[in-house]
Structures are given as C-alpha cells and as structure tokens.
Amino acid sequence: MQENKIYIAPLQGFTDYAFRAAFRGLFGTPDAAFSPFIETHKPDSRMYRDVLPEKNQGYRLIPQLLGNEADEMLPVVAELQQMGYDEINLNLGCPYPMVTRKTMGAGLLPHPDRIDRILDGLLNNATCRISVKMRLGFAGNDEWKALLPVLNRYPLSEVIVHGRTASQMYKGDVDVASFAAMAGQLAHPVCFNGNIFSLADFESLADQLPFVSRWMIGRGLIANPLLMQEIRTGQKASDEEIRKALDQLHDQLLYQNSQRLNGNSHVLNKMKPYWEYFAMWLAGKEKGLKKIKKSTTPEAYVMACNAVLKG
Ligand SMILES: Cc1cc2nc3c(=O)[nH]c(=O)nc-3n(C[C@H](O)[C@H](O)[C@H](O)COP(=O)(O)O)c2cc1C
C-alpha cells in the first residue's frame with residue numbers, strides 16, 4: 001500500500017504563510033501545502049507576498065493561480081519559477097460569483113475548450129509542472145465527463161478534486177461515488193478533497209477509495225490541527241489535546257498577525273474568522289465563543305480567548 005500524503009488546502013484569508021509556518025512548526029510537516037490563489041489578471045508586486053520563499057521554508061509549497069488566459073499566467077509562472085517553484089496549481093474550483101462570472105475558477109468548468117487553451121498555453125510554454133484543483137462540475141456532478149479528455153491530453157502532475165459542484169459552495173454532501181467514477185478514468189494521480197474533519201471521516205473515505213493516497217484537507221486541519229498526526233499514526237487525539245493544540249496555534253497566529261498587521265481592528269478582523277472553525281471541537285464553550293465574537297478591543301479578545309482555550 002502507498003503511504004498517504006496529506007496536503008494543506010488553500011483557504012484564502014486562513015492558510016496564509018503565517019498559518020502554514022505555525023502549523024508546520026507545531027504539528028509536523030505536511031507533504032505539501034497549496035497557496036491561496038494568486039490572481040493573474042491584475043499584476044501587482046504584492047501578489048507574491050504570500051509565496052516569498054523566505055517566508056515558506058521547510059515544506060513544499062505549491063503556488064496556485066487563478067485566471068483564464070495562459071498569456072496572463074505565463075509571466076507569473078516565470079516569476080514563480082525564478083523564486084524556485086517547480087510546480088504551479090491551476091484553480092478550477094473557486095465557486096464565488098465574483099470569480100465565476102468572469103469565467104475563472106469553477107466558472108471555467110462548463111468550458112472545456114477554454115481549459116484546453118489554457119493548459120495548451122501553459123504546458124507548451126512553461127517548464128514547470130502543472131497540477132489542477134477542480135470541482136466535479138459547475139452545476140452538475142457529471143460535468144467532469146466533458147472535461148476528462150482535455151485533462152487526459154496533458155501531462156498534469158496531479159488532479160485534486162473537491163467532490164462538490166460549484167453550486168454547492170462548501171455545503172452539502174461530498175459526492176464520493178462521482179469522485180471515484182472520475183478518478184477511475186483520469187490518467188493522472190488524483191487527490192481527494194472535501195469534508196475530512198475527523199480520523200473517522202478519513203478512515204471511512206480510505207475504505208471507500210482504496211486507490212487514493214493523496215488527501216487535501218482545509219477546514220478540518222484548522223478545526224483540529226492534530227488531524228494530520230491522527231491520520232499518520234491512526235491514533236485519535238483527545239478533546240483536551242485538541243484544545244491545547246488550538247491554544248498553541250492561536251497564540252502563534254495572534255503573535256504573527258499582530259506583528260505584521262497595522263492596527264488592532266485589522267488584527268481582530270483577521271483572527272475572528274478562524275473561530276468559525278476552531279469552534280468545531282469546543283463543545284460546551286458557546287458562551288465564551290460569543291464573547292470572542294463580540295470583543296472589540298485586543299484586551300477583551302485575548303481574555304475571551306484565554307477563557308475558552310486555557311480554561
Ligand atoms: C474561506 C475559504 C477560502 C478558500 N480559498 C481557496 C483558494 O484560494 N483556492 C482554492 O483552490 N480553494 C479554496 N477554498 C477551497 C478549499 O481549498 C477546499 O477545497 C474546501 O474547503 C473543501 O475542503 P475542506 O472540506 O477540507 O475544507 C477555500 C475554501 C474556503 C472555505
């Protein structure tokens with residue numbers, strides 16, 4: 001049996017370099033992490049901030065691009081190659097209307113011809129490896145069928161499939177059967193993504209998908225940073241261990257974000273959204289969680305966090 005590979009998913013606003021470094025330092029090195037998407041149609045030197053090599057040491061980072069023209073992406077790919085990256089991931093999964101309306105992200109899925117042109121342009125002109133992260137379809141869970149011949153025509157290094165349609169956003173069941181059907185016809189290594197929140201979720205999926213050895217996890221690793229270790233060792237962590245892990249992770253994120261962001265409100269606006277995921281394993285702490293949400297000063301925020309995480 002092949003060893004399982006665990007990847008940190010890209011989550012814009014959450015899994016940035018500060019998160020990735022904190023995660024790796026505290027909980028072990030993932031087999032790879034993918035950067036939240038870099039938009040290629042409005043070039044700006046700040047677009048590389050999250051992937052600067054000096055901020056991403058000690059683990060394999062694969063930068064992800066969002067766009068719909070190879071010509072716009074190629075200068076970005078060249079810049080990333082200059083930085084030392086040897087693989088780039090193409091976003092075909094972002095479901096937000098602001099993105100899909102412009103025929104980017106999952107908005108490209110109903111247009112295999114456009115995807116064909118992008119892959120042709122990228123693979124004929126870039127010297128690095130290209131992987132793809134996609135959904136099963138835009139509105140229907142069988143739209144991948146029309147895309148398959150295109151994907152199979154190119155030497156992609158891997159295809160990561162979030163087993164939902166774009167219309168589902170991040171809710172509802174992940175369609176494991178459609179994922180399996182697609183994986184069976186795909187000529188590339190395949191990675192499963194979607195709703196792995198616990199060791200039991202992972203074990204159930206591993207049973208259903210014995211041919212899969214690559215697993216990408218996003219929200220599940222934020223909610224329980226010990227999940228990667230649980231999967232690697234087969235040992236479930238206790239609620240107390242998870243609470244301690246969240247405390248350590250939160251401390252580092254708060255420190256790093258306080259250093260780099262200007263002003264208390266920016267720091268609080270950055271930190272508070274993490275609690276949507278942290279809350280998952282903190283049953284019985286609803287009152288404390290409400291206080292965190294309502295806090296308006298750093299002092300009130302830290303006090304409320306300590307009551308939940310250290311108490
Ligand atoms: C807030 C948020 C931001 C996201 N940003 C990105 C992104 O930049 N690129 C991408 O490919 N997927 C993005 N995703 C999707 C995740 O990478 C992942 O596919 C999805 O959350 C399902 O996996 P999970 O259930 O393990 O979280 C985002 C998801 C969320 C909830």
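Let's start with Leu 65. Leaving out residues up to four places away in sequence, Leu 65 touches Phe 37, Ile 38, Thr 40, Met 73, Val 76, Ile 88, Leu 90 and Asn 91. Keep in mind that this is a predicted model.

Where does Leu 65 belong? It is among the residues with the most contacts inside the largest nonpolar core. As general background, nonpolar side chains in soluble globular proteins tend to be buried together.

Now the domains. The protein chain is divided into domain 1, residues 5-233, and domain 2, residues 239-309. Their centres, taken over C-alpha atoms, are separated by 27 Å. How many residues are in contact across the two? On the domain 1 side, 14; on the domain 2 side, 16. Look at the side of domain 1 that touches domain 2. Two elements give two or more residues to that side: helix H1, 17-27, and helix H8, 219-223. The largest share is from H1, with 6 residues. By class, that side of domain 1 has 11 nonpolar residues, 2 polar and 1 charged.

Take H5 first, residues 144-153. Which of its residues are buried? Trp 144, Leu 147 and Leu 151. They sit on the same side of H5, because they cover an arc of only 60° around the axis. What do they pack against? Helix H4, 112-125, then E7, E8 and H6.

That brings us to H6, residues 176-185. Its buried residues are Ser 178, Phe 179, Met 182 and Ala 183. What covers them? The cover includes strand E7 at 129-137, helix H5, strand E8 at 159-165 and strand E9 at 190-193. Turn to the face of H6 that points away from the buried side. That face carries the exposed residues Ala 177, Gly 184 and Gln 185.

Last, the ligand. How many residues surround it? The number is 22. The closest are Ala 9, Gln 12, Pro 36, Gly 218 and Arg 219. And how does the shell divide by class? Into 9 nonpolar, 11 polar and 2 charged residues.

Key: Residues numbered from 1 in each chain as written. Predicted model: local features only at pLDDT ≥ 70, side-chain atom pairs only at ≥ 80, totals over all residues. Buried ≥ 20, exposed ≤ 12 C-beta atoms within 10 Å, placed from the backbone. Helix = DSSP H or I, 4+ residues; strand = E, 2+ residues; numbered from the N terminus. Contact = placed C-beta atoms within 7 Å. Near = placed C-beta within 6 Å. Nonpolar A, V, L, I, M, F, W, Y, C, P; charged D, E, K, R; others polar. Arc of directions from axis to C-beta. Core = buried A, V, L, I, M, F, W, Y, C linked by C-beta atoms within 7 Å. Domains from an automatic or database assignment.
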